[in-house]
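Subject: Structure handover

Dear colleague,

I am passing on the structure that we talked about, and I would be grateful if you could look through it before reading my notes below.

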Amino acid sequence: MKKMFRVTGVVMCLVAMILPLTAYQSSQAELARRKAAVDRYRASGVFSEKVYQAVMSTPREYFMPEGQNHMTYEEVPVAIGWGQTITNQWFVAYMTHLLDVQPTDKVLEIGSGSGYQAAILWQITKKVYTIEIVSQLAAIAKQRWQSLGYSSVVGKAADGYYGWAEYGPFDKIVVTCAADHVPVYLMQQLKPGGVMVIPVGNPFDRQTLLKITKNLDGTVRTERLQSVKFVPFTGKMLEKYGK
Amino acid sequence: MEKRGLISVFLVSMAVLGAQLGVIRYMSVASWSNFAGLIISIALLGFGLSGTILTVLRERIERRLQDWLFWSAAAFIIAAGYVLQFARLIPFIPQSLHQDGTQVLYLALYYFLFFVPFFFGALFINLSFLRMKTGINRMYLYNLMGSGIGALVLLVCTSVISPQYLMIPVLLLGSAVVINEAIGSARRMRLGAIVIAVAFLPVLLTGIGLFSPATSADAQQCADGPAQGQQTAVSEPNKGIWAGLFNLADINMSHYKDISYALKVPESRVIHEKASSLGYIQVIESSQFRFAPGLSLSYYDSIPPVQHGLFIDGFGASGIARYVDATNAGYIRYLPFSLSYSLKNRPSALVIGAGGGNPVLFALTLGASKVMAVEPYAPVVDLARETFAAWSKGIWDDPRVTTVISDGRTFCKRDDGKYDILSIPAMVSSGMSFSSGSGNGENYLFTKEAFDDYLSRLAPEGILDVSMRLDSPPRALLKLESLVFSWAKERFPADFAQRIVFIRGLDWGAFLVKNGVFATNEIALLKKKTRDLSADFSYYPGISASEVNQYNVIPEEVYYAFAQAFVAGTEQAFIGGYAFNIEPPTDNRPYFSHFLPLSTVPKLLGLSGGMKDVPFDEWGYLLSWATVLQGVVFGLLIICIPVFTSGRAFLRERGKLRVIVYFFALGMGFMLIEIAVIQKLNLFIANPLYSVALVIGVLLIFSGIGAGFASRYRGEEAKKGITVGVSGILAALALHAFVFAPLMQPLLALPELLRIMIVILFLAPLGFFMGFPFPLGLQVLSDKREKLMPWGLAINGSVSVFASVLTSILSMHFGFAFVFFLAALFYVAAWVTFPARIRFSS
């Protein structure tokens with residue numbers, strides 16, 4: 001038995017050593033396309049440097065569905081199956097910028113989708129927790145993070161409406177699917193001083209992107225940022241909370 | 001022969017009106033009522049087009065008139081028997097109209113589909129006029145009596161029969177006509193039997209349970225409610241084309257309606273459904289349906305309790321309140337409803353729009369010493385108080401609660417109590433509080449006169465509390481601000497600015513209007529409460545610019561700016577310069593939900609951005625214009641077809657222009673009066689169903705009697721007849737303007753039955769004289785120029801395509817007084833152009 005453990009240990013060590021060497025690497029052409037996109041954002045001067053770096057370091061093409069590589073840097077959401085989409089790169093950068101993620105932050109993402117937003121967050125903080133309601137998508141995203149070496153991203157397939165109390169409270173929460181109200185559970189799991197970014201409105205029409213800050217005294221500050229269109233929250237969120 | 005014709009026309013008139021109601025009700029539940037209006041208007045084109053066909057083919061038709069009558073009746077019932085099932089097969093999504101070309105095709109399919117039954121029904125009626133050339137007045141009498149009685153009977157049907165089954169009474173009436181027209185011919189009898197069998201096939205197949213939805217038979221029980229065992233018809237998709245065609249039970253509701261959205265939640269289901277005068281009521285049970293409108297994000301405790309969802313025509317989710325004791329009611333103190341209660345200790349409360357009981361529960365929890373719960377719709381209260389008694393126990397039975405079924409305005413007039421807090425929680429009771437109308441319709445709860453009524457019920461220092469959802473771009477809440485401030489400024493010019501507080505949360509806004517001025521300590525209490533809710537002041541007496549937009553930051557604080565404009569006296573410039581219509585509504589123009597200015601109409605034609613720039617909620621107004629535009633285009637076509645197809649003989653006929661103006665003016669005049677009276681009576685009768693039934697019923701029945709009476713004016717006497725008729729109409733309108741209209745407000749205090757009697761007294765002479773001109777004109781044409789008679793029918797019919805909708809638009813922009821004045825002008829125009837004045841060539 002001991003021998004078996006030892007062999008397994010050796011094999012795992014070897015895998016751990018080899019993995020970084022075999023991890024996905026973007027081609028020079030991909031890097032150039034990404035750089036061009038990031039340079040465009042940089043020219044507008046909206047985001048902080050760490051967001052540009054995070055976008056530049058994450059191989060977005062790896063998160064795209066098969067045959068959709070040409071859409072990688074188009075500014076439109078692309079369908080990834082199961083009624084979900086991968087948000088365009090600019091908007092992911094924008095959401096990350098709004099969160100103002102710090103390296104020590106614990107971040108919860110609701111709606112992992114392709115896994116791209118979690119990957120961007122991982123570039124800034126290693127404490128990323130993400131929930132996806134479609135189990136197939138959750139499995140695919142997990143596989144991607146592992147093969148890219150982002151193994152500290154913790155994901156699960158579940159209904160994000162309830163948040164993830166086990167790992168809470170969180171410094172930042174980002175919701176990447178449309179909801180018609182802000183779930184109390186997520187507010188409960190947001191630290192005082194924490195920030196949540198969530199699209200709120202009719203899930204089947206347009207929504208308003210909200211930046212919610214939980215003040216230290218328990219009051220809440222919300223900012224209505226812009227009109228957006230996300231795919232609907234498909235779990236318990238579909239239950240009305242007083243529409 | 002004559003008797004048979006009269007019976008048939010009576011029954012068909014009833015059936016056609018029933019089919020209209022059936023289609024409108026079905027479309028309102030399954031889709032959007034705005035589109036139902038658009039489609040029905042094109043369906044009414046059937047009246048115009050059938051008149052035109054008669055003009056063109058008159059000689060050929062007259063040779064085989066009985067066959068034409070039989071087959072048009074037969075086609076009518078077959079079309080009526082299948083129209084709703086075919087409609088279900090069309091996957092029309094209104095919201096995608098501006099971005100998906102195939103939706104235009106689907107809309108066109110709807111047009112065609114709904115056109116067919118009305119075309120054949122109208123063809124039958126118009127053929128009947130041809131059959132009785134000498135008895136046009138009597139024919140018209142039966143036509144109007146049929147429509148009038150049909151309106152009364154079928155409106156009652158809509159409140160007891162589910163929308164998917166509303167065509168069954170229409171089929172019964174149609175079958176009687178087919179049999180009536182087949183009498184005397186064995187061949188037609190046999191064919192008639194086959195036609196009736198085909199029309200009733202879906203009824204039969206559904207009746208024997210062939211297509212029962214799987215969920216229906218299970219008799220699902222509600223845990224705390226009664227054993228309803230109702231069908232969950234809405235959630236069942238079509239199972240193939242055959243089931244789609246022959247299954248009546250399935251409504252196939254649009255996936256984009258509130259109820260469809262709620263039903264997508266796992267474990268949710270319809271546990272109760274019922275047709276009512278209010279609309280089609282459905283109750284949804286879901287393990288997670290919670291109702292806490294405007295709940296503050298600062299609330300971190302246990303989530304609100306599960307409730308039942310209440311939907312009317314698939315819209316407006318609100319809750320059937322579940323009783324909660326104080327330990328579970330903590331969330332109520334974090335609702336905007338609690339704002340006014342922070343200023344009063346054990347207040348007496350009046351709630352206008354009690355709906356499913358939530359506002360009552362809130363008031364009780366917040367310490368009200370007594371609650372007067374006013375709700376206009378008995379079915380909603382019955383549902384909450386009796387059907388789900390176990391669920392809501394403790395709310396309605398609380399000794400502090402008195403429940404009154406009444407419209408808010410009527411209640412304020414009749415009651416003599418004074419209340420510390422008067423709440424109109426539009427966001428809590430959802431569609432219910434908009435008791436006298438919804439959508440683009442009349443809403444008499446939000447007019448300046450309504451606020452006078454509310455003030456009369458406030459105790460000294462009492463507070464009127466009106467809350468509403470915040471909308472984006474700002475429209476409704478801004479219009480409410482416009483109403484509150486302009487009303488207060490007119491009523492209390494000296495200190496209006498000291499009487500109003502306006503608080504804005506994440507997705508709501510609440511106005512507190514005091515019967516007195518706010519004291520400093522009250523403002524301090526409200527500041528604390530507002531902070532607890534993480535809400536902001538948009539206005540309070542003495543507010544400074546640095547205090548706004550703190551917790552719920554919006555890019556531009558228009559609400560504060562608007563309030564300041566009122567204080568500075570520059571509100572007219574603000575209202576005039578704003579992109580939406582935010583003028584304060586009055587009883588003369590009670591259109592709170594009408595926000596689009598006339599300048600947006602070109603967007604319909606794809607100009608200046610097109611429909612995609614207009615929020616979907618506002619499409620109703622533009623669709624009204626679309627209805628008018630399509631009506632004008634098709635109407636012109638109908639009028640022109642005989643000119644181009646009937647050759648020189650028709651072109652040589654003299655007086656065509658007079659015929660056009662005469663029948664056009666009659667169509668417009670009649671519709672303007674009919675629709676505007678319905679809209680006005682929505683306040684006086686305070687029940688849309690009753691006011692529609694009363695107006696259509698009384699007006700049409702008395703028009704029929706008038707038509708019968710006018711038959712004495714024959715030949716040269718006809719000119720005298722039109723003079724008597726038009727003079728009578730003008731006198732009745734003057735009576736309305738100078739006697740009835742000013743008395744309407746004070747008379748609201750009378751019991752409902754007396755108010756109905758007053759309406760009948762007012763409508764009867766009006767209807768009687770309105771019955772004169774149409775048959776007089778037709779008779780003159782029939783006597784002197786037969787060729788032009790069906791053309792008159794066509795012109796009059798084509799007006800109905802758009803006149804009702806045009807009336808609504810005119811009321812919105814110019815008010816009812818203008819509409820009645822315009823109607824009077826049309827009748828004067830008809831008097832001037834009366835066909836008997838035409839010098840016909842020999």
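The notes that follow go from the chains as a whole to a few local details.

This is a predicted model, in which local features need pLDDT of at least 70 and side-chain atom pairs count only at pLDDT 80 or more, while totals for chains, interfaces and linings use all residues. Residues are numbered from 1 along each chain as its sequence is written, chains are lettered from A and ligands numbered from 1 in the order in which they are written, and side-chain values use heavy atoms, with hydrogens and water left out.

Chain A has seven helices and nine strands, where helices (H or I, at least four residues) and strands (E, at least two) are DSSP runs numbered from the N terminus. Of its 243 residues, 52% are buried, a word that stands for under 20% relative accessible area, with exposed meaning over 50% and partly exposed in between (1.4 Å probe, protein chains only). In chain B there are 29 helices and 13 strands, and 64% of its 842 residues count as buried.

Within chain A, helix H3 (residues 49-57) and helix H5 (residues 116-124) pack at an angle of about 125°, with their axes 9 Å apart; the axes are lines fitted to C-alpha atoms, for helices over the stretch in contact, and angles run from 0 to 180 degrees between N-to-C directions. H3(A) and H5(A) are therefore oblique to each other, given that angles under 35 degrees count as roughly parallel, over 145 as roughly antiparallel, 65 to 115 as roughly perpendicular and the rest as oblique. The contact (heavy atoms within 4.5 Å) involves Lys50(A), Ala54(A), Val55(A) and Ser57(A) on H3(A), together with Tyr116(A), Ile120(A), Gln123(A) and Ile124(A) on H5(A).

Two places in the loops of chain A also deserve a look. Gly168(A) and Pro169(A) are joined by a cis peptide bond with omega of about -5°, and Pro169(A) sits in the loop between strand S5 (154-157) and strand S6 (170-175). Asp100(A), although not a glycine, has a positive phi of about 50°; this residue is in the loop between helix H4 (89-99) and strand S3 (106-110), and at 41% relative accessibility Asp100(A) is partly exposed.

In chain B, Asn549(B) likewise has a positive phi, near 60°, and belongs to the loop between strand S12 (536-539) and strand S13 (552-553), where Asn549(B) is buried at a relative accessible area of 17%.
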